[in-house]
Amino acid sequence: MLFNSFEFAVFFPVVAALYFLLDPRWRWVLLLVASYWFYMAWRAEYAVLLVASTVIDYSASRGIAASDHPRVRRRWLLFSICSNLGILGFFKYFNFINGTLRTAAGAAGWPWPVPDTDVLLPMGISFYTFQTMSYTIDVYRRVLQPTRHLGKFALYVTFFPQLVAGPIERAPNLLPQFFRTHAFDQARIIRGLKQMLWGFFKKLVIADRVGPIVDPIYDHPALHDGPTLLVATFLFALQIYCDFSAYSDIAIGAARVLGYDLMENFRTPYLSASIREFWSRWHISLSTWFRDYLYIPLGGNRVLKWRWYFNLFVVFLISGLWHGANWTFVAWGALHGTYLVAALACAPFWRRFDAFTGLDRRPLLRASINVPVTFVLVLLSWVLFRARSIQAAGNILRRMADPHAGFDGLRHALFDHAPVVALITLAFAAGFLVLDPVIDGLVKGERTMSRPWQYAFYGSLMAVCLLFGHFGNTAFIYFQF
Amino acid sequence: MVLLKRSVPFLLAFVGVYLLVFWSLCRLTYHGTPLIYSTSPVLLMKGGDTYQRFREFDPDSTYDVLFIGSSHAYRGYDAAYFTRHGRSAFNLGSSAQTPMNSYFLLKDLVKPDHVGLVVMDVYVGALENVGLESTCDLAQNIPSERAVLGMALTLHDPRVLNVLTLRWLMRDRGPMYVDSTYRPGGGALRTDSLKQPPTFDLGRPLHLEPVQVRYLRKIIRYCAENHIPLVLSDHYAPHASDHERHAAYVRELACIIGPDGPPFIDKSYAHHLSDMDHFFDYNHLNAAGAEIFSADLLDELQRRGLLPPR
């Protein structure tokens, strides 16, 4: 079920109403049934994978907790990790690996008899797999006592607001909340609804309006010149941010309405002054997952310098692969890894440069240089993320660098078909870029506004969603991951 | 209580801003067209063949034959031909009209005792469509409030609120454009032809919208209950189109209609028309094709005794 569907507009109020009407002891049952319903509205048969994931990690965590013997505990952990990654690997990476091996075998002149599978990628598999794995690892590390309550653990795996596209929750944060009673807190519900509304605005009015401009350009990059591709990439940066952060906002808001606190997933990432800062503001639940369960176990930064760089690079390479079974995502991850390693390697030079130019005493001036530079670096990486192949990405980057291209192509691409529609979309995009930091703080409760202004603002937001929103049940981009 | 108290000013603000912006966009124009039409593809302009058709249609008149259905109906079923041959006829087809739309039109616009026979075109595309496009078109152009409300509520789409608001705000305005292909009797016939072989995406899976299947059954039931003779029909299709898909559709349709349902006249491939000369696009008949089809259909209806007595 999509958040931006009519089904969800009926489903969520009904679930929320029943939730607060029900005896608190049985609310978890309602949420569990609702979560499975939510997932099975897409493909009922894939709920089996959710059940498998739940049973595997419940048994593994119980097995780990039942023994003090390190070898037994490790076996249970390996059982969980291998089973989870095995399922993820089969459904998400089988055809990718098979295709790569086929190409390699073909290049060597060998036959490759293994055919591709035609199974559908289960929605949200990367998200819930990482969430359940983190639980077992936490139990193994004795950070967490395993729960005996299979039902509430199943709810931790499937909790519908964040099931298919995160935030990737951690058991120490979410699981205990299922054991608490959540009172009908009106102020909290209003806050949740505000965040949901902001999410709907970003999805319907920005992301889904920008998408139809970006898609035809990226579908046929050879037909477009550098400035057009550059603007399309800029708009894609906006689209993916609005799309993904919208999902997180709706998820966090919906959970808040029901009384649950989910972790923050985005914090105005395009205002980052470095790639490192960008990753502390973009998809926070994933980057902290990789930090805690991959980067630190690899040794983190408490190793030799070359090994530190290697650890960072590997983490980003795998993070790229997590996003999709395509070399473009691997290259995207590798590029971000390279950015980070290069930034670390050059850090002493930049410190001296800042001291020499006096930028270290002018943080605002330094930010006004670093923020656009970081944004351009991120923008370049989005080319790899959005392009259909490495070759296509290379061609796009080459065209972008062409100094002879004029702006006629851009004008044709944007304004020939429906100029007013394009202008409205660009106006919203520009307005969003200016206002996002303010409104983001407002919906997260970090800023306040007098009540009449709030009514006017949120009333307008809803009116704009209805009038200018793109209602076409467009799936969220991160569903494919 | 706080929630309720706070939702009132919020809703007032929402309605106020919504109506103010909507009204302003209806007044502001770009190249003569109100800006409101650039906000969403579902907001269609008032006018065109649908407007002309539903202004010409007189529910108090008696018709021997009433055609209903998607653009296949008003492009391919020539009501004027029937009238010329002694059978008063009118075409109530409209762009992308689905069985859901047809049901509300029949129920709210047509008087059962004023119609001798309803011929409903059941082009597969109409049953594969949720009905948004057609509802938007009809909502701007038909006089019946009840029919529009019925269609809008069936759609389960928040955009219908915009569609209904536009209808309300434009209620006093005349048509914004005229369709030159419109002919008296509800048809809109084109004289151009494809002139090149049409290409088809063969092997596309068939997926009938459950809501349209439900409404097709409702139409059959409604007509039976109100003693309106009903005939389902599918007009000529280009020979190059997907025969297997059509066969699969006919099988599904037979299940929907049932053994006691109305007769189904399938003319899809029972013709010798040229794909290039008698169609103006990949599936619509032009005026020459429509005349040949209408003659064929009239013969068939007469032969089967489906026409009302004179």
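This is a predicted model: local features need pLDDT of at least 70, side-chain atom pairs count only at pLDDT 80 or more; totals for chains, interfaces and linings use all residues.
Pro210(B), Arg221(B) and Glu225(B) are exposed residues on the face of α10(B) turned away from its buried side.

**Helix α10 of chain B**

- The buried residues of this helix are Gln212(B), Tyr215(B), Leu216(B), Ile219(B), Ile220(B) and Cys223(B).
- Viewed down the axis of α10(B), those buried residues fall within an arc of 145°, so they line one face of the helix.
- The general rule behind such a pattern is that an α-helix has 3.6 residues a turn, so residues three or four places apart point the same way.
- Helix α10(B) covers residues 210–225, and its 16 residues should span 22 Å at 1.5 Å a residue; the end C-alpha atoms are 22 Å apart, which agrees.
- The cover over the buried residues of α10(B) includes α5 (99–109), β5 (115–121), α6 (124–127), β6 (230–234) and α11 (243–257) of chain B.
- Just after the helix, His227(B) takes a positive phi of about 55°.

- β6(B) pairs with β5(B) in the parallel sense over four bridges, and Leu230(B) is the bridge partner of Val118(B).
- β6(B) also runs parallel to β7(B) (residues 264–266), joined by three bridges; here Asp234(B) has Asp266(B) as its bridge partner.

**Chain A as a whole**

- Chain A holds 18 helices and zero strands.
- A compact globule of 481 residues would have a radius of gyration near 23 Å, and chain A has 24 Å, which agrees.
- The C-alpha trace of chain A spans about 70 × 65 × 55 Å along its principal axes.
- In chain A, 43% of the 481 residues count as buried.
- Among contacts in chain A with a separation of 6 or more, 74% come from residues 24 or more positions apart.

**Where chain A touches chain B**

- The contact takes 19 residues from chain A and 21 residues from chain B.
- On the chain A side, α8 (186–219), α17 (419–443) and α18 (451–468) each give two or more residues.
- The largest share of that side, ten residues, comes from α18(A).
- The residues of the chain A side divide into 16 nonpolar, three polar and no charged.

Methods: Residues are numbered from 1 along each chain as its sequence is written. Chains are lettered from A and ligands numbered from 1 in the order in which they are written. The radius of gyration is taken over C-alpha atoms; the globule rule is 2.2 Å times the number of residues to the power 0.38. A residue is buried if 20 or more other C-beta atoms lie within 10 Å of its own, exposed if 12 or fewer, and partly exposed in between; C-beta atoms are placed from the backbone. Two residues are in contact if their C-beta atoms, placed from the backbone, lie within 7 Å. Ala, Val, Leu, Ile, Met, Phe, Trp, Tyr, Cys and Pro count as nonpolar, Asp, Glu, Lys and Arg as charged, and the others, Gly among them, as polar. The expected span of a helix is 1.5 Å times one less than its number of residues. The arc is that of the directions from the helix axis to the C-beta atoms. Two strands pair if DSSP finds at least two bridges between them.
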